[in-house]
Amino acid sequence: MNKTINYQEYLKSVRWRKRRMKVIKRDKFECVACGQVGTEIKGITINNLNAHHETYRNLSSKNPQKEIDDCITLCQMCHEGIHNTTNYLKEHDTRRTKK
Ligand SMILES: [Zn+2]
Ligand SMILES: [Zn+2]
């Protein structure tokens, strides 16, 4: 993670909000782990859904697509799960084909 960026500040930025929307749209407003569907309000806010960074290497990258590719959509519950449990996604991910 780029140390010059304060992550909490970044999460409030317009740049991140736009990317977050694209992540959630790409995942069709569904949590990739449990399939919970979010609600879009005025095209900005998605109820219950978070975009989670699988890696921070492209945080605030000049190329938005790189950062979007590093993010997945999770509901509040799964988001907590993934931060607290290793292998959470391996057990819950419904979107990806297992290798
Ligand atoms: Zn979920
Ligand atoms: Zn996260």
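**A strand and its surroundings**

Author: β4 is mostly covered, since five of its five residues are buried, where buried means that 20 or more other C-beta atoms lie within 10 Å of a residue's own, exposed means 12 or fewer, and partly exposed means in between, with C-beta atoms placed from the backbone. This is a predicted model, in which local features need pLDDT of at least 70 and side-chain atom pairs count only at pLDDT 80 or more, while totals for chains, interfaces and linings use all residues. Residues are numbered from 1 along each chain as its sequence is written, and chains are lettered from A and ligands numbered from 1 in the order in which they are written.

Reader: In what order do the elements of the protein run from the N terminus on?

Author: Helices (H or I, at least four residues) and strands (E, at least two) are DSSP runs, numbered from the N terminus. The protein has five helices and four strands. From the N terminus on, their order is α-α-β-β-β-α-β-α-α.

Reader: Which residues of β4 lie on each of its two sides?

Author: In a regular strand the side chains alternate between the two faces of the sheet. Both faces of β4 are covered, and the buried residues are Ile72 and Leu74 on one side, with Cys71, Thr73 and Cys75 on the other.

Reader: Which residue of β4 is the bridge partner of Ala51?

Author: Two strands pair if DSSP finds at least two bridges between them. β3 and β4 run antiparallel and are joined by five bridges. Within β4, the bridge partner of Ala51 is Thr73.

Reader: Why do the buried residues of α4 line one face of the helix?

Author: The buried residues of α4, which spans residues 76-84, are Cys78, His79 and Ile82. Seen down the axis of α4, they line one face because they fall within an arc (that of the directions from the helix axis to the C-beta atoms) of 105 degrees.

Reader: What covers the buried residues of α4?

Author: Two residues are in contact if their C-beta atoms, placed from the backbone, lie within 7 Å. The cover of the buried residues of α4 includes β3 (49-53), β4 (71-75) and α5 (88-92).

Reader: Is Thr55 buried or exposed?

Author: Thr55 lies in the loop between β3 and α3, and its C-alpha atom is separated by 7.7 Å from that of Cys71, 16 residues apart along the chain. Because Thr55 has 11 C-beta neighbours inside 10 Å, it counts as exposed.

Reader: What is the phi of Phe29?

Author: Most residues other than glycine have a negative phi, and most peptide bonds are trans. Phe29 is found in the loop between α2 and β1 (40-41), and with 17 C-beta neighbours inside 10 Å it counts as partly exposed. Its phi is positive, in a residue other than glycine, and is near 60 degrees.
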